[in-house]
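Hi everyone, thanks for coming. I'd like to walk you through one structure today, so please have a look at it with me.

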Amino acid sequence: MRGGWLCLEPELRRSSEIGGKIKSGLLPSICRSRTGTLRELPDGPQFDTILYIDVLEHIEDDFGELAAAGKLLLPGGRLVVLAPAWQWLFSPFDTAIGHFRRYNRAGLRGLNPPGLSVAESFYFDSAGLIAVLANRFFLRSTMPTASQIQIWDRLLVPVSRIFDRAAGNMLGKSVVVVWSKVGT
């Protein structure tokens, strides 16, 4: 979709929330909201970029989802996936929010959709990894509290920016893979 953003959400309530944020100006006016999944979109290339930000781990058929997304990319288009890292960190929190899995870099790269090639991959949020470890082995909380989220945003995110660079993005609580569609 050139010249705009399509916010695709399968749940009507959440799709309506996105639409409300667009109308109120909390999201840019170039956004459109649609209830559904990408498999309900017309066939054929139509997007220059497709983003999955903490979404793929909620989809049981992750490879099928990425293959379907790849078919909707224009030549040279990008498919970007950000997902929680490290299956050994899977916890009651993951179960509570509907995760099927977590990924390592090799595993996520291995889901390579047909006609796409990996452009880059890396981990990030190394300081956040410490918080996830603490929750997994000590706190065992199924949901973060408001104060924990504030600590994450105000302290751990800025620290991670420094640590991530120092560690060469080889460690973190999240993994990112970017694929590029082959062709012109």
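Let's start with helix 5, residues 126–139. It has 14 residues, and at 1.5 Å a residue they should span 20 Å; the end C-alpha atoms are 19 Å apart, which agrees. Do keep in mind that this is a predicted model.

Now, which residues of this helix are buried? They are Ser 126, Ala 127, Gly 128, Leu 129, Val 132 and Asn 135. In general, an α-helix has 3.6 residues a turn, so residues three or four places apart point the same way. And what do the buried residues of helix 5 pack against? Their partners are helix 3 (92–96), strand 5 (116–124) and helix 6 (146–166).

Next, look at Phe 138, also in helix 5. Phe 138 is exposed, because its relative accessible area is 69%, and exposed means over 50%. Together with Trp 88, Phe 137 and Leu 139, Phe 138 forms a nonpolar patch on the surface, with about 500 Å² of accessible area in total.

To finish, take Leu 108: leaving aside residues up to four places away in sequence, Leu 108 touches Leu 56, Val 81, Tyr 103, Val 175, Val 177 and Trp 179.

Conventions:
Residues are numbered from 1 along each chain as its sequence is written. This is a predicted model: local features need pLDDT of at least 70, side-chain atom pairs count only at pLDDT 80 or more; totals for chains, interfaces and linings use all residues. Side-chain values use heavy atoms; hydrogens and water are left out. Helices (H or I, at least four residues) and strands (E, at least two) are DSSP runs, numbered from the N terminus. The expected span of a helix is 1.5 Å times one less than its number of residues. Buried means under 20% relative accessible area, exposed over 50%, partly exposed in between (1.4 Å probe, protein chains only). Contact means heavy atoms within 4.5 Å. Patches are made of residues with over 30% relative accessible area and no salt bridge: like charges are joined within 9 Å, nonpolar side chains (Val, Leu, Ile, Met, Phe, Trp, Tyr) within 5 Å. Accessible areas come from the Shrake-Rupley method with a 1.4 Å probe; for residues, only the protein chains shown count as cover. A salt bridge is a side-chain nitrogen of Lys or Arg within 4 Å of a carboxyl oxygen of Asp or Glu.
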